[in-house]
2 protein chains.
Amino acid sequence: MVAPHADALIGHVRANRDRYLDELKAWIAVPSISAQPDHAADVRRSAEYAAERMRLAGLTEAVVLETGGHPVAYGAWLGAKGKPTILIYGHHDVQPADPLDLWTSPPFAAEVRNGKIYGRGSVDDKGQCLMHLAAIEAHLRVNGKLPLNVKVVIEGEEEIGSEHFEAFLAREKKRLACDVVVVSDTAVFAEDVPSLTTSLRGLVHWEITVRGPANDLHSGYYGGIVKNPLEALAQILAALKDAHGRIVVPGFYDDVSELSPHERAEVATLPLDPAKLANELGVPELAGESARLPLERMWFRPTLEVNGMYGGYQGAGQKTIIPSFAVAKVSARLVPHQDPARVKHAVTTFVQRVAPKGVRVEVEAHGDVRAVETSRDHPAVAAAARAMELGFGKAPVFIGTGGTIGPVSSFDRILHLPQVLIGVGLPDDAIHAPNEKFDLGQFFSGIETMTYLYDELARALK
Amino acid sequence: MVAPHADALIGHVRANRDRYLDELKAWIAVPSISAQPDHAADVRRSAEYAAERMRLAGLTEAVVLETGGHPVAYGAWLGAKGKPTILIYGHHDVQPADPLDLWTSPPFAAEVRNGKIYGRGSVDDKGQCLMHLAAIEAHLRVNGKLPLNVKVVIEGEEEIGSEHFEAFLAREKKRLACDVVVVSDTAVFAEDVPSLTTSLRGLVHWEITVRGPANDLHSGYYGGIVKNPLEALAQILAALKDAHGRIVVPGFYDDVSELSPHERAEVATLPLDPAKLANELGVPELAGESARLPLERMWFRPTLEVNGMYGGYQGAGQKTIIPSFAVAKVSARLVPHQDPARVKHAVTTFVQRVAPKGVRVEVEAHGDVRAVETSRDHPAVAAAARAMELGFGKAPVFIGTGGTIGPVSSFDRILHLPQVLIGVGLPDDAIHAPNEKFDLGQFFSGIETMTYLYDELARALK
């Protein structure tokens with residue numbers, strides 16, 4: 001099935017694998033943690049690295065664009081007159097790396113072990129951006145051209161909700177004009193199951209601060225007369241769900257649709273062994289809404305999770321205080337039709353309503369990412385499926401993901417663009433966690449997939 | 001009322017106030033945080049400082065004694081043949097200083113502002129130990145002798161439950177033999193209300209660890225199928241009390257006695273304005289068991305407080321994870337007749353029973369400090385009341401304290417010794433919290449009180 005010119009392209013990308021790994025290591029070495037203001041300069045350096053890599057790939061334009069927040073790296077090759085244009089989206093910012101002591105090798109000094117490269121951002125999303133830059137480079141070096149026009153946007157705020165990205169899209173609408181968006185920031189269903197993602201969950205989040213006494217108090221002197229902020233926060237968080245794992249915030253599920261019988265049957269055909277998955281994750285058993293399939297809970301049901309919490313003494317031994325305050329970071333994954341603003345308001349109102357007396361509760365709500373469903377019927381999706389079959393030797397299945405890519409939501413809602421979600425991460429890549437890795441087999445097959453993808457899209461969209 | 005020789009003693013301590021302040025600053029500068037293993041050498045230096053200060057006071061013996069944990073400073077002057085012997089107890093270890101950013105001046109660089117000295121350990125308990133060393137020094141310098149035999153024990157593990165102190169007492173029983181124990185590690189009821197403390201609460205504590213997935217998980221990929229350890233911990237903590245602030249752990253209140261009508265009436269006569277106290281503490285209103293008087297809740301009712309809690313992401317911004325684990329530090333203040341072992345077992349059992357499915361819960365229980373009631377009828381207590389009236393110009397009232405002094409419990413239970421609890425801290429000293437301070441008026445009147453105390457005790461006990 002490989003077209004003659006494809007042989008040369010594949011030969012090129014196979015011959016350069018070591019260099020791609022070196023490039024990925026160098027990029028990972030830039031700790032572009034968008035959530036931490038201390039790392040703002042690193043996020044900028046990471047954007048500059050991306051632009052430099054775009055130039056190396058042969059893109060004729062390669063610049064760092066300001067957004068008001070962390071910058072975007074933008075590149076383009078527009079030499080295919082009369083041909084369609086694709087916009088490739090990825091992100092160069094990364095999640096925080098803590099807890100650092102749980103990493104086997106340092107998060108920003110990437111190391112290859114057993115056919116995997118370990119480092120923060122290895123698969124989410126620097127490695128997946130690099131797949132495209134390597135594939136573009138192959139076309140431009142081997143053929144001197146690409147089969148269609150390519151624009152590449154590598155964002156710097158994806159891990160913090162892409163706060164400035166919609167304004168950037170609106171401002172750069174002309175520059176970013178295209179026929180289809182290609183996003184590689186997702187995972188396949190399993191190592192032997194190449195997959196295209198057709199639905200993503202949305203995301204909103206809250207920071208709940210419970211304030212009690214002006215200072216930490218001695219728990220002996222004042223224990224018994226002051227409401228403990230950690231106790232109050234625990235009571236608030238415990239009030240969010242019932243014993244069956246269902247969120248009891250009024251209105252939370254109002255806009256949530258049930259799966260159709262066809263969709264439910266499709267989900268049921270995908271292999272998932274709850275006991276095996278629980279064992280892999282290290283939990284005694286799976287949890288959540290007990291009446292629904294695990295994959296339904298992961299992809300098509302909204303969630304409400306405590307992502308972090310702190311208050312009082314956290315050091316060695318004990319410190320017998322009533323803490324002055326307690327904080328919880330909470331987030332919700334949303335499913336199609338849920339309105340982020342409505343969900344934010346419902347939870348904020350509920351938290352204030354159930355807050356016990358004797359403390360003051362502040363709730364800040366953030367984020368505005370709707371869930372997305374992409375059309376499976378678009379010719380670009382069929383083209384992507386063919387490219388993936390060529391790259392991985394097996395036709396892909398269609399899956400959902402419980403994750404969120406804010407810009408996918410923005411492209412959908414603001415620009416009404418068709419999108420192809422073609423990512424090659426594995427479910428156990430530990431993204432957002434210690435020991436994030438990218439399997440080299442997935443990385444190299446991903447590069448080959450993208451090399452095919454541009455030809456397939458050129459044919460499908462003409 | 002001042003005896004002729006007392007004039008000279010009081011003259012001496014008044015003339016040396018600046019030096020006492022310098023000494024207190026130097027002692028505070030040694031960060032003797034017993035809870036933090038990193039500070040073990042500092043706790044030892046603090047014991048050595050105490051022994052050096054004992055020598056300066058004129059004690060003929062002054063040594064650092066090993067305990068198996070942090071050391072004790074011990075000193076004695078036994079030149080009053082045929083006279084009674086008192087044992088003065090205090091502690092030289094301090095609470096951790098965090099959160100550091102809430103201190104106006106650094107916790108270990110003490111600063112005098114507005115007639116108060118600010119620093120960790122200023123009043124709890126280095127400053128109060130120094131009152132005795134200054135008073136002893138005055139007797140020995142002015143008169144060349146003390147009116148009775150004095151032994152001084154300054155311990156290094158009071159803030160972590162005095163783990164090795166009972167074994168130390170047992171081992172050093174002969175060396176520590178005495179007629180009465182004098183403890184200055186308590187506060188008065190209010191600035192104008194000198195007080196002697198006749199009851200203290202006990203203390204036990206727990207560390208609850210909830211373990212979920214082996215690693216932090218991406219809350220998008222896994223949200224909906226894994227029990228969140230922070231959610232589980234919040235549910236456990238919320239299950240400990242009912243809506244009226246009453247602890248629902250079966251058996252928790254089994255051995256708790258109700259106050260007699262006389263005791264309740266006495267408590268009711270002490271001035272306490274709940275709205276004013278709430279305002280001083282910075283809370284919207286007082287909380288706790290609503291059917292009982294605030295002072296009863298503070299002194300004569302057991303508590304269960306979350307002293308600290310952590311899990312997941314605590315940095316700036318958000319990190320959308322399901323954390324691998326969550327930890328809470330919980331402690332209970334006990335009242336007379338409660339058995340620490342029984343309470344520890346009851347709470348541990350309850351926590352395991354209410355733990356939700358899908359996580360593993362570990363509970364470690366520590367501490368063994370019973371509550372104490374001292375006899376008001378002992379002649380030493382009357383002597384202490386006279387000394388306090390001389391030092392503060394006003395007869396003291398008898399009060400309880402919600403706090404805990406483990407060694408007071410040990411002296412009571414192991415050695416069956418009468419004790420005088422004569423401390424001069426103020427309720428707003430912020431002990432165990434940022435900006436701990438010692439009011440200089442209380443400090444200097446405290447030194448004068450102790451100067452009188454030895455004469456009064458010599459007379460009362462002969």
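This is a predicted model: local features need pLDDT of at least 70, side-chain atom pairs count only at pLDDT 80 or more; totals for chains, interfaces and linings use all residues.
**Exercise 1. Find the strand that pairs with β4(A), and say in which sense the two run and how many bridges join them.**

Helix α4 of chain A (residues 122-142) packs on it and touches β5 and β18 of chain A. The direction of α4 makes about 50° with that of β18(A). Helix α13 of chain A, residues 440-461, also packs there, touching β5 and β18 of chain A, with its direction at about 65° to that of β18(A).

**Exercise 2. Work out the strand order of this sheet, and explain why β4 and β18 of chain A each have one side without a neighbour.**

Solution. Step one is the order: the 3 strands run β4-β5-β18 (chain A) in an open sheet, with antiparallel pairing. Step two is the edges: β4 (111-113) and β18 (437-439) of chain A each have a single partner strand, so one side of each is left without a neighbour in the sheet.

**Exercise 3. Describe the side of chain A that touches chain B: how many residues does it take, and which element gives the largest share?**

Solution. Begin with the count: 81 residues come from chain A and 82 residues from chain B. Then go through the elements of chain A that each supply at least two residues, among them β9 (202-211), α6 (229-238), α9 (294-299) and β13 (325-334). The largest share, 9 residues, comes from β11(A). By class, this side of chain A divides into 36 nonpolar, 31 polar and 14 charged residues.

Now zoom in on β11(A). This strand pairs with β11 of chain B (residues 303-312) in the antiparallel sense, over 5 bridges. Here A:Y310 stands opposite B:Y310 in β11(B).

**Exercise 4. State how chain A is divided into domains, and what the contact between them takes from each.**

Solution. First mark the bounds: domain 1 covers 4-200 + 371-461, and domain 2 covers 202-256 + 302-369. Their C-alpha centres lie 35 Å apart. The contact takes 7 residues from domain 1 of chain A and 10 residues from domain 2 of chain A. Finally, sort the domain 1 side by class: 1 nonpolar, 5 polar and 1 charged.

Technical notes. Residues are numbered from 1 along each chain as its sequence is written. Chains are lettered from A and ligands numbered from 1 in the order in which they are written. Two strands pair if DSSP finds at least two bridges between them. Helices (H or I, at least four residues) and strands (E, at least two) are DSSP runs, numbered from the N terminus. Two residues are in contact if their C-beta atoms, placed from the backbone, lie within 7 Å. Axes are lines fitted to C-alpha atoms, for helices over the stretch in contact, and angles run from 0 to 180 degrees between N-to-C directions. Ala, Val, Leu, Ile, Met, Phe, Trp, Tyr, Cys and Pro count as nonpolar, Asp, Glu, Lys and Arg as charged, and the others, Gly among them, as polar. Domain bounds come from an automatic or database domain assignment.
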